[in-house]
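I opened my notebook to follow a few charged residues through this model and to write down what I looked up, entry by entry.

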Amino acid sequence: MARDGGFVAPGFAPALDEQRLLRDEGRRLVAGLQGRYAEQTGIGSLKIRHNNVLGYYIEVPAGQAARMPAVGEGPFIHRQTMASAVRYTTVELGDLESRIARAADTALALELLVFDELTRAVLACADVLAMAQLLGEHDLRAADLDLRPAWPDVCTASFLARSTPDLPRKFAG
């Protein structure tokens with residue numbers, strides 16, 4: 001169904017592919033960011049977690065918080081201190097969270113746009129095919145000939161469709 005998407009092939013629209021990647025691989029992207037932050041700070045126990053109140057956040061054990069870069073020396077912004085852990089965020093993590101949150105809706109909107117454009121392109125070709133059939137019939141009448149019984153497939157839309165060039169790939173970039 002159109003509301004579910006999935007009817008435009010991967011590779012047809014790069015912007016759509018990017019949104020699908022965010023939608024489908026968001027956890028993997030967050031895990032990669034977690035690994036990078038753990039390496040950057042030297043804190044192997046650094047985790048990126050998520051809850052419904054804070055969204056995504058970086059959490060380090062309270063005993064490791066002193067190893068975090070000081071305010072203004074790194075990308076980390078203090079968010080919350082608890083007895084057992086300290087939570088941080090970064091602009092990059094916030095941006096990734098926003099992009100992941102919007103990805104499913106954006107992907108579906110892009111897919112519907114691609115579908116609408118392809119529908120218009122097909123309908124435009126249908127007008128050309130109908131006009132070609134009418135011109136063919138007019139040409140036969142003008143020549144005072146009726147070859148349809150002898151060549152029944154020549155003036156049909158199916159014959160014309162087989163001889164129509166492929167649609168251009170407008171959404172390749």
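This is a predicted model: local features need pLDDT of at least 70, side-chain atom pairs count only at pLDDT 80 or more; totals for chains, interfaces and linings use all residues.

Next I looked up the partner of Glu92 and found a salt bridge with Arg36, whose closest N and O atoms are 2.4 Å apart. This pair links distant parts of the chain, since Glu92 sits in helix 2 and Arg36 in helix 1, 56 residues apart. Arg36 is also partly exposed, with a relative accessible area of 43%.

I then searched the whole structure and noted 7 salt bridges. One of them joins Arg20 and Glu111, with 3.0 Å between the closest N and O atoms; Arg20 lies in helix 1 (residues 14-41) and Glu111 in helix 2, so the pair ties together parts that are 91 residues apart in sequence. I recorded both as buried, Arg20 at 11% relative accessible area and Glu111 at 2%.

Arg87 belongs to strand 4 (residues 85-89) and is buried, with a relative accessible area of 12%, while its side chain makes a polar contact with the side chain of Tyr57 (3.4 Å).

Leu112 is in helix 2 (residues 91-142) and is partly exposed at 31% relative accessibility.

Notes:
Residues are numbered from 1 along each chain as its sequence is written. Side-chain values use heavy atoms; hydrogens and water are left out. Helices (H or I, at least four residues) and strands (E, at least two) are DSSP runs, numbered from the N terminus. Buried means under 20% relative accessible area, exposed over 50%, partly exposed in between (1.4 Å probe, protein chains only). A polar contact is a pair of N or O atoms within 3.5 Å; within protein, one must be able to donate a hydrogen and the other to accept it, and residues adjacent in sequence count only if both atoms are side-chain atoms. A salt bridge is a side-chain nitrogen of Lys or Arg within 4 Å of a carboxyl oxygen of Asp or Glu.
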